[in-house]
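Have it open while you read.

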Amino acid sequence: MELYNLGIEEARTAIDSGEISPVDLINAVFDRIDTVEEKVRSYITLTRGAALEQARLAEENRSGAKHALLGIPVAVKDNICTESVTTTCSSKILKNFIPPYDSTVIQRLKQQSYILPGKTNLDEFAMGSSTENSAFGRTRNPWDLERVPGGSSGGSAAAVAANECMAALGSDTGGSIRQPAAFCGVVGMKPTYGRISRYGLVAFASSFDQIGPITKNVKDSAILLNVISGHDIYDSTSADVAVPDFVSVLGRDIKGLKVGVPKEYFIEGVDREVDASVKEAIKKLESLGAIPVEISLPHTEYAVAAYYILATSEASSNLARYDGVRYGLRVTGDDLVDMYMKTREEGFGAEVKRRIILGTYSLSSGYYDAYYRKAQQVRTLIKQDFEKAFETVDVIATPTTPTPAFNAGEKTEDPLQMYLSDIFTISVNLAGVPGISVPCGFTSGNLPVGLQIIGKHFDEESVLKTAYAYEQATEWHKRKAEL
Ligand code: GLN
């Protein structure tokens with residue numbers, strides 16, 4: 001097998017046994033990037049020189065260190081701060097922003113001797129579902145270059161699917177890890193809100209944002225989660241709860257596990273082949289001993305509306321900091337206000353502006369009660385839907401997305417259509433619970449389909465255990481996109 005095809009665990013085994021060196025591995029990854037990146041365009045920045053240097057260091061430390069990611073290239077979404085490496089958020093406003101510090105997740109990856117091959121493309125400030133809202137051009141879906149890779153972590157998902165890295169980090173505010181993972185046929189995990197520090201993740205909607213792994217298989221997801229999870233004094237919303245060993249639960253059987261199947265997720269409008277693949281996947285879980293139980297999450301239909309009020313409100317506040325004074329771009333003006341206006345006019349793209357306007361409107365004094373407060377109340381109802389469901393089931397299984405990857409340009413003119421592509425992932429962020437997307441089939445057009453498994457707060461173990469059992473009983477994750 002070509003080295004670039006390896007996942008984390010396989011690469012680690014090969015390095016430990018002396019079969020390959022970290023330098024062999026990073027060279028294989030950059031050769032692959034040189035071959036396919038022109039087509040896929042996963043990366044905004046490549047850190048070739050530093051990566052080679054890190055690989056040489058890893059090679060020297062090989063015998064001694066027992067670091068979980070020694071010599072393993074992990075790509076990072078470009079809204080996660082990396083010291084001395086530009087972090088653009090795919091925005092003109094941060095085009096030249098070089099963070100003076102590492103985010104907490106990057107510090108933890110460094111402690112485990114990972115290698116950064118580069119920073120990946122995203123929708124500007126993680127706002128979008130197709131990676132088309134990037135100031136630096138769109139990323140292509142490795143399974144069909146005319147189609148989108150999903151978003152907003154489309155660069156990370158495409159880089160993993162195109163084998164331009166062993167694994168990647170993404171961020172998920174309303175589906176941005178799981179939806180692109182589903183579109184690209186890889187594994188994407190959004191952990192419980194609070195499981196992972198957001199320190200150094202450029203804020204979009206702070207009460208939703210979570211960082212998580214995008215990987216070639218479930219075990220690699222657990223390995224990365226082990227590294228990046230845990231309380232952090234620099235993020236007051238990170239939870240001070242024990243972090244279990246996520247790898248140790250893999251392989252436990254799922255006999256008697258109750259799998260909730262919410263009727264609101266199997267509705268008209270869902271692509272026929274997606275629906276069929278997911279139902280087949282639930283049967284597979286049943287054949288492994290799980291017990292499907294029909295459940296209802298009655299407020300599902302309000303999730304997209306509530307999310308787009310709350311997330312835009314938080315975004316309008318978070319993005320106030322880009323004023324031409326503190327970070328990045330400044331366009332000079334006649335006076336201070338003129339400078340602010342010109343900088344933001346020039347620096348932000350259309351979708352970001354739309355959201356700032358929407359959010360500012362919802363938060364304005366005359367409309368606050370009708371929109372923002374109402375949406376918060378709906379959020380509570382959605383959270384309660386999950387709490388109630390989890391009184392009777394252990395996990396919930398749904399499609400990750402209503403359709404497979406759509407064509408580039410298909411939804412750019414109609415923001416509402418674009419927003420609806422997150423219809424099955426958004427409730428999970430509103431409730432703050434963990435969710436994973438694993439490959440569960442392909443359409444007749446050879447496009448990947450994702451199965452979403454959702455768990456209780458801080459019960460990533462059940463999610464991972466179920467996903468692993470399913471993956472080990474199927475072959476979908478072994479298919480590779482031809483490039
Ligand atoms: N697509 C959703 C949005 O545009 C979710 C994005 C995300 O999870 N970052 O807001």
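**Notes on rings, core and strands**

1. Y199 is partly exposed at 27% relative accessible area (buried is under 20%, exposed over 50%, partly exposed in between; 1.4 Å probe, protein chains only). Y234 reaches 55% and counts as exposed. Bear in mind that this is a predicted model: local features need pLDDT of at least 70, side-chain atom pairs 80 or more, while totals for chains, interfaces and linings use all residues. Numbering starts from 1 along each chain as its sequence is written, and side-chain values use heavy atoms, without hydrogens and water.

2. The whole structure has 19 aromatic pairs (Phe, Tyr or Trp rings, the six-membered one for Trp, with centres within 6.5 Å; planes under 30 degrees apart are stacked, over 60 edge-to-face, the rest tilted). Y199 and Y234 make a stacked one, 5.0 Å centre to centre with 25° between the planes. The two tyrosines sit 35 residues apart, in distant parts of the chain.

3. F386 and F390 are stacked too, at 6.4 Å and 25°. Here F386 is buried at 2%, and F390 is buried at 10%.

4. F386 also touches Y265, L297, I396, S427, V428, A431 and I454, leaving aside residues up to four places away in sequence (contact: heavy atoms within 4.5 Å).

5. Ring pairs also tie F97, F125, Y322, Y327 and F348 into a cluster.

6. Two charges sit over rings (NZ of Lys or CZ of Arg within 6 Å of the ring centre and within 35 degrees of the ring normal): K411 over F406 at 4.8 Å, and R479 over F442 at 4.1 Å.

Notes: Helix = DSSP H or I, 4+ residues; strand = E, 2+ residues; numbered from the N terminus.
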